[in-house]
Amino acid sequence: MRSTSRRWWAAGIALGLLCNAGLVQAASSVLIWPIDPVLEADQQASALWLENRGTETANLQIRVFAWSQNGFDEQYQNQRDVIGSPPVAKIEPGQKQLVRLTRTREVPPGQELAYRIIIDEIPSALQVPAPPEGKNTAAAIRFQMRYSVPLFAYGAGLWSKDDATRQRDPKGAGKPDLSWQKVNVGGRSYIEVRNQGAVHARLTDASFKQGGQTRPLVEGLLGYVLPGASMRWPVPDAVSADQPLQVRVNGAPQLESLAPKR
């Protein structure tokens, strides 16, 4: 299967879907929930809801890709282990559509597998305006929104998302195991975060403390680090490599302090 780098997706992904809220509405009219679906070891399927809050019919294509990280880059591959049904949805204004996320094979015990649900809005012929006289037709195509929702599936003996409605063995609670260092690549400074834990790390509200002051890196989402992977993000040159990184991991109430790698 051919992999696709994150640059291929970047222009269209609605990054608002990766924030902390339980429900998200992007600039378009499609509301999607939950924004963090999972497939537990004892679940054959999970649900994703799409709601059209606009005044026009929403035509959507739903695809599920395997998601990995390699060379500090996001990789997406075609797969058939998790199927989204229906693959195409036509949702009238004010209506909802259930998308069933069904696994076709078991995840190996004690493992987490990552996927990305990619939802594309497909403009209908009536929604594409006629080009001005003498202008290229391509210039008149309406902008197409793309939404990206993470999905994690678990093998027996592992879980990561709290759920008060389910009985779990506390010993199966997976945690990220994070370390970081400051690196210089091509004259630019980055923080490089490695995850040696069993489950992903979703990093938000990242900051450093220098001279008694907090220096935020980003507002909201910094990014994900999947198990066994390392990712990089640019930082100002002035950021000290000796100070702890303050970051919220997987939406935890408290910030975590990560000491730099020695």
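Which residues are linked with Asp120 in a network of salt bridges? The partners are Arg63 and Arg146, which together with Asp120 make up the network. A salt bridge here is a side-chain nitrogen of Lys or Arg within 4 Å of a carboxyl oxygen of Asp or Glu. The model is a predicted one, where local features need pLDDT of at least 70 and side-chain atom pairs count only at pLDDT 80 or more, while totals for chains, interfaces and linings use all residues. Residues are numbered from 1 along each chain as its sequence is written, and side-chain values use heavy atoms, with hydrogens and water left out.

In total, the structure holds nine salt bridges. One of them joins arginine 168 to glutamate 40, with 3.0 Å between the closest N and O atoms. Arginine 168 sits in the loop between β13 (146–154) and β14 (178–185) and glutamate 40 in the loop between β5 (38–39) and β6 (45–52), so this pair ties together parts 128 residues apart in sequence. Strands are DSSP runs (E, at least two residues), numbered from the N terminus. As for accessibility, buried means under 20% relative accessible area, exposed over 50%, and partly exposed in between (1.4 Å probe, protein chains only). On that scale arginine 168 is partly exposed at 22%, whereas glutamate 40 is buried at 6%.

Aspartate 42 belongs to the loop between β5 and β6 and arginine 166 to the loop between β13 and β14, 124 residues apart, so distant parts of the chain are linked. Aspartate 42 is exposed at 61%, and arginine 166 is partly exposed at 25%.

A further bridge runs between aspartate 205 and arginine 248, whose closest N and O atoms are 2.9 Å apart. Here the partners sit in strands, aspartate 205 in β16 (residues 201–210) and arginine 248 in β20 (residues 245–249), so parts 43 residues apart in sequence are tied together. Aspartate 205 is partly exposed at 27%; arginine 248, at 19%, counts as buried.

The structure holds one cavity of 30 Å³ or more, and the largest cavity has a volume of about 40 Å³. A cavity is a set of points on a 1 Å grid over the protein atoms alone where a 1.4 Å probe fits but cannot get out, and lining residues have an atom within 4 Å of a point. Points are joined across faces, edges and corners, and the volume is the space filled by probe spheres set on them. Among the residues lining the largest cavity are Asp81, Arg103, Leu113 and Tyr115.

Technical notes. 1 Å grid on protein atoms, 1.4 Å probe; cavity = no way out; pocket = protein on both sides within 12 Å on 5 of 7 lines; lining within 4 Å. Helix = DSSP H or I, 4+ residues; strand = E, 2+ residues; numbered from the N terminus.
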